[in-house]
Amino acid sequence: MVGAGKPGFVNADFQYLEQAARQTRRRLRAVQLWQGLWQGLALGAAIWVGVLAVYKLLPVPDVWPRMALWAVPTLTVTGALLQWLGRRTLAQTVHWMDAQLALKERLVTAWELALHKAQHPWAPLVIGRAAQALRQTPWQRLVRLQLPRQASWAGALLVVGFALLWVPEYRTHAWRERQRQAQAQREAGRELVAFARQELRAPDLTPDLQTALREIEAIGRQLSELTLPPEQALQALAELARRLESQARTTADSRGTEQQATRTAGNSNASADSTRAASVPALSSQPAGERATVAKSQALAAQDSRLSPTAGELPQRSDPARSTSEGARLGSETDRPTASGLAMSGLDAADAAALTALAQRLDELAGALEQAGLNPAEQQRLASELESLLPGAATSRAARQWLQSALKDLKAGNCSSASRALSQAASACRGTGQSQRLLAASRKVAQAAACVGTGRSWMECSSAISSAGGSSAGTQPGGDLYNESLRAMPRPAGLAPERLVGPWLPGTPMPVLRTRGEALQTPANVAIGEVTAAATPANPQAVNLDRIPRAYRQTVRSYFDESQP
Amino acid sequence: MSPSELEQQIESFHRAVTALRAEIGRMLVGQETVVEQTLIALFAGGHVLLEGVPGLGKTLLVRTLAQALDLRFQRIQFTPDLMPADILGTNLVIEGPDGRRRFEFQAGPIFAQLILADEINRATPKTQSALLEAMQERQVTAAGERRRLEEPFFVLATQNPIDQEGTYPLPEAQLDRFFFKILVGYPDEAELVEVLDRTTGEEPEPVRTVLDRSTLLAHMRLVRQVPAPRPVKDYAARLVLATHPDHPSAVPLARQYLRYGSSPRGAQALVLAGKVRALLHGRLNASLEDLQAVAPPALRHRLILNFEGQAEGITPDQIVSQLLEQVPRLRPETVG
């Protein structure tokens, strides 16, 4: 009780005044909470509708309207809490009652006199008259819980906001293209990073391969974070793809040379020691599980390759024998696996993993043949296992030949020769696997370049690059993809290229396009200067057309700029 | 003082005011606002500057008031050749019965209780300034000697609008010492007819004295006891601060057209006048409404226009009106 301790004549009227002030303050607080809630809702709705309207008109980030939507409940709660926490003193409440009841500061004067100047000679008179005036007013009905003015605003804004949800966003075609391009680049980057990380987990990676994979991961990260402009990204990707394929070719060539030399030497020692069967008992217990493991890995690899084939890969996967024979045919001229042959065979990183597992198993078998003498039954079991491993080595012609040689030696009882042949087969598998990994990486990079260059999705580029890869006779990985994508672009009938000579890669010279067009049968009688002068003003407009992929515009622009008489 | 005694005093005050109004009303037609503001200044112990063109009853009002009050009255007609000594008094050489000559102070008309300074702006600033000390400190320094003036001491000055010929504007320091500056306007048609009736007919009865000096002093002490709550004082402070062009809370007109805002005397005048007005209206406390009612006469002569304001023809009353419109009556936390 605030007035406790005051003179009795003050207390009687002052208690009434104080009671009225306390009740009014309590009700005011509830009303403030109620009003704060609606004010917050109105403000939040206004923000949401504003941001939504901006989002519908301008290409602001998608997260803006979602965040603005969160402002509605947040501001509603905040507004209510702020109003609830904003306490007013009893003196302020009394003054507010004065203003509302038009009591001309009677109450607040009485309040001040009672609290601070109770001995003032005017205090009893002032307090008594204030209480009397208060009794004559309907102060109990002063504070009412009713919908504030902001409620109608909040409702209207929410209706407008929900209506706006059905209005489509206005976006320019150029903006959509940029978004598609950025999305494609981001997706390509993510795919490259995932691929590189997955490959880096594989065992037996050479330092070169690890370096290449880390480089892929780095460029993938840059792509996903959009820190590289498309033109620079394309140049970097093309360069990396070329380097990877070059490495693959180098690896395959060197491996083939080594194997050829070793095979020549190995044939001269064909009658080597046949007393190596000491490890057969161990093999007899192990092969069942090992063979199962190998078979399983092969099956898994095959399944994996079946699970994620692209549209273009399916025909190649459906006929592995044909692919293998084509690869073998390309390598038959030098009797070694070539990069082109490997590329033609359509192998990928999964096959490389299977080859690595196969090489490991072959090494174990060779070691077993070296160390233990084998009885005929065990030789027979081993031979049958080797026969079962033959399909797994189909992707490497050299490995298969070495396996067949080992099988022949084993059947002839020449365990030592068979062991060496198995080691060579394992080495061939590893080399092929290494080359295959590099090629797979090269293909991924080329696929990423295709995505960045054309703005298409990863899956679309995968289809395109797979379908184009089989017929690629050039030396640029993914080069045909660019050509394919260019061919797929709509052009006037007379300008569809009949033949493309040279790669179409960013950063490289323009390829020669031969179009059907109309041949000039007679000498021209218009000076070239006049022609170019007439065409020059139209060039920028032509270059700015959205039909030209963004990644190529600079190249095309430079081409036109340089074509001066 | 018991509540009943207080109520008796308040009742006595109301009777005195009613009697004064009645006597003034017998002589002066209309001008209720002018009369009320004059009475407010009178009970607040403040000086009044009445401004209006000749013939509107300014001098009549003061003369009637002087007659109704039992106070010593002096009238000083300000002219351009009036000298300070003519107001304050001077030492004269007096020859005594013994034939010796000595200086003797001859008091000027300022030594009265109710001074009518008629057409104060027709005197030179030097003469106008002779009133400064008397108005503020209720004393006069003449011939090196300080002499107290008798309480109560009121100066009711009249002046013609400053754009009239042969006028000298009052200096700011002089203006600030006036409690109120009251503008006397033209009567309306009905009032003018009444004026004609009264002045062209029989001589009216002389004004009766209705309030003696001691009662007036008691009433002056009473009105100062009227409580003014904190919100009212806050409002007065806000009003005065809003007249200062450099203050953050200044209203736009003040910011643009004022050179100087009101002095603290303006706030004092607001609250004191508010107290008197509350009591005049039967209330026991000053209110925001009282302050709003007395703000124009209390502030208008304390607002010094800048050149732009004078060139644009802005009047201080326009700025006061904006003050009353824009300065919040309640503090934001009270409004909630």
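Two strands pair if DSSP finds at least two bridges between them. Helices (H or I, at least four residues) and strands (E, at least two) are DSSP runs, numbered from the N terminus. This is a predicted model, where local features need pLDDT of at least 70, side-chain atom pairs count only at pLDDT 80 or more, and totals for chains, interfaces and linings use all residues. Residues are numbered from 1 along each chain as its sequence is written, with chains lettered from A and ligands numbered from 1 in the order in which they are written.

Q: What makes the sheet of chain B an open one, and which strands are at its edges?
A: The order is β2-β5-β8-β1-β9 (chain B), with parallel pairing. β2 (73-77) and β9 (178-183) of chain B each pair on one side only, which puts them at the edges.

Q: How do you know that β5 and β8 of chain B pair?
A: Pairing takes at least two bridges; β5 (residues 114-118) and β8 (residues 154-159) of chain B are joined by 4. So they pair, by that definition. Ala117(B) stands opposite Ala157(B) there.

Q: What makes helix α2 of chain B a neighbour of the sheet?
A: Contact, meaning C-beta atoms, placed from the backbone, within 7 Å. Helix α2 (residues 32-44) of chain B touches β1 (47-51), β8 and β9 of chain B, and its direction makes about 175 degrees with that of β9(B). Angles run from 0 to 180 degrees between N-to-C directions, with axes fitted to C-alpha atoms, for helices over the stretch in contact. Helix α3 (residues 58-68) of chain B lies across β1, β2, β5 and β8 of chain B, at about 170 degrees to β5(B).

Q: How many residues of chain B are in contact with chain A?
A: 20, against 21 residues of chain A. α1 (3-27), α10 (230-241), α13 (288-299) and α16 (332-335) of chain B each give two or more residues to that side.

Q: How do you know what confidence chain B carries?
A: pLDDT is the predictor's confidence in each residue, from 0 to 100; chain B averages 88, and 97% of the residues score at least 70.

Notes:
Two residues are in contact if their C-beta atoms, placed from the backbone, lie within 7 Å.
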